[in-house]
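Subject: Structure handover and notes

Dear colleague,

Here is the structure we spoke about, with the sequence beside it. Please look it over first, and then read the notes below.

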Amino acid sequence: MAGPLPLGDPAPSDGRLPADLPIDPSVPFSAYLHIPFCRVRCGYCDFNTYTSSELRGARQEDYASTLLAEIDLARRVLGEAGALRPMDTVFFGGGTPTLLPAGDLARMLGAAVSAFGLAEGAEVTVEANPDTVTPEVARTLADAGVTRLSIGMQSAVPHVLAALDRTHDPDNVRTAVAAAKDAGLAVSVDLIYGAPGESLANWEASLDAALELESDHISAYALIIEDGTKLARQIRRGEVPTPDDDLQADMYELADRRLDAAGFEWYEVSNWARSESQRSRHNLAYWRGSDWWGFGPGAHSHVAGLRWWNVKHPAAYAQRLSASDSPAAGTERPDEDARMLERVLLQSRLAEGIAVADLPAGNRPNVAGLIADGLVDARAAVQGRVRLTLRGRLLADAVVRELTD
């Protein structure tokens, strides 16, 4: 289960946005719909998700109707603020969105489209567990307007999946991808590397399996041990080893070589696509600081520099909305220094990099040292942009510190 919510100012019960919020109608707008249900809790996961035994007063079958109430709230709030815009991207994340009936996902998408509209060529993504994707599910989603399925493969090696507490059948990844493609959906697969007991050969086998699927997009994330998770407790007790940083670096370099050779280009430190059109436009909206409304328990939103987040538990979320109150638990307006730090942190991870002129003035001279250390591309820097080298991607956090501290 996710950690505590951030500290912030109290959120207004009616959800109203501040009158002085500098809303720019030209900024793209996205919607994130959080589906907080999982069959089992993976040992590494600290997302705001709940198994059936943890719902305590909330019912999975009521969830779609509850979330529709927040969509109505958002339409009113954004309309009053002059901030209504069609959605450029929509993302159903979780949790496991496809634990809900495909018809419920279609109903939520339809309500969001009715409330805000959908920009021409919009990207609509649903995350999916391979065991929950059938041809019927894929067709229902495609007919509803979904354009992209993001499938949680994680690994092709059974003992690695077991170490991550992933319960899906590895063979179902192929059938899920086939069902999505047959329905006309673009496909992304997600991988995790560095699990306890995973060797470089195991990781190579997973890369091979992912490439054989001929997907449009691949995400590869290093396993991070989050406080409060089952895996963190197992490591603390000495039951499993701590992930090896050097091995994870080798795994990343192997992934980059193999994906590049297969025709993929990296566009963000952990993400590769076959072409620019197949990049995750929803995630790019986050990394570039666009506006978005996050629907569902624990979801975060951002509009014109204002941030807010919803109450965590599905029962509390439903209770707020049934009382015609906003589910927001807190809000904040970061100052310019905080916004600068976040901008550098996110944009420096992109292949396009960040403009040197957008860095804090006092840190711009540090770019020369990063070039000398082989962390930043010299040619791009001459053209006015900080762009990470492969070594820089491996040490991205260190680069950010040099650019912001």
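D335 caps the N-terminal end of α11, with one of its side-chain oxygens 3.2 Å from the backbone nitrogen of D337. Please bear in mind, here and throughout, that this is a predicted model. The helix itself runs over residues 336-347, and since its twelve residues at 1.5 Å a residue should span 16 Å, the distance of 16 Å between its end C-alpha atoms agrees with that expectation. Within α11, the residues M340, V344 and Q347 are buried. These three cover an arc of only 90 degrees around the axis, and so they sit on the same side of α11. As for what covers the buried residues of α11, the covering elements include α9 (281-287), β13 (354-355) and α15 (396-404).

**Salt bridges**

A search of the whole structure finds 21 salt bridges, and a few of them are described below.

One of them joins the side chains of R333 and D20, with 3.0 Å from N to O. This pair links distant parts of the chain, because R333 lies in the loop between β12 (328-332) and α11 whereas D20 lies in the segment before β1, 313 residues apart. R333 counts as partly exposed, at 41% relative accessibility, while D20 is exposed, with a relative accessible area of 56%.

Another salt bridge brings together the side chains of R174 and E212, at 3.5 Å from N to O. Here too the pair links distant parts of the chain, with R174 in helix α5 (residues 171-182) and E212 in helix α6 (residues 200-212), 38 residues apart. R174 counts as partly exposed at 46% relative accessibility, and E212 is exposed, with a relative accessible area of 52%.

The side chains of E239 and R237 also meet in a salt bridge, at 2.7 Å from N to O. Of these two, E239 counts as partly exposed at 47% relative accessibility, and R237 is exposed at 52%.

**The nonpolar cores**

Which residues touch the most other members of the largest nonpolar core? That core has 96 residues, and the ones in question are F92, M108, F116, L149, V189, W203 and F295. There is also a second, separate core of eleven residues, which includes C42, C45, L164 and I192.

**A buried serine**

S301 is found in strand β10 (residues 300-303), and S301 is buried, with a relative accessible area of 1%. A polar atom of the S301 side chain lies 2.8 Å from the backbone nitrogen of G294. Beyond the neighbours within four places in sequence, S301 is in contact with W292, W293, G294, L306, R307 and W308.

**Backbone points to check**

Most residues other than glycine have a negative phi, and most peptide bonds are trans.

- A cis peptide bond joins G94 and G95, with omega at about 15 degrees, and G95 is found in the loop between β2 (87-94) and α2 (102-116).
- R56, a residue other than glycine, has a positive phi near 40 degrees; R56 lies in the loop between β1 (29-35) and α1 (63-80), and is exposed, with a relative accessible area of 60%.
- Q154 is not a glycine either, yet has a positive phi of about 65 degrees; Q154 is placed in strand β4 (residues 148-154), and counts as buried at 8% relative accessibility, because buried means under 20%.

With best wishes

Key
Residues numbered from 1 in each chain as written. Predicted model: local features only at pLDDT ≥ 70, side-chain atom pairs only at ≥ 80, totals over all residues. Heavy atoms only, no water. Core = buried A, V, L, I, M, F, W, Y, C linked by side-chain atoms within 4.5 Å. Buried < 20%, exposed > 50% of the residue type's maximum accessible area, 1.4 Å probe, protein only. Helix = DSSP H or I, 4+ residues; strand = E, 2+ residues; numbered from the N terminus. Expected span 1.5 Å × (residues − 1). Arc of directions from axis to C-beta. Contact = heavy atoms within 4.5 Å. Polar contact = N/O pair within 3.5 Å; in protein donor to acceptor, adjacent residues only side chain to side chain. Salt bridge = Lys/Arg side-chain N within 4 Å of Asp/Glu carboxyl O.
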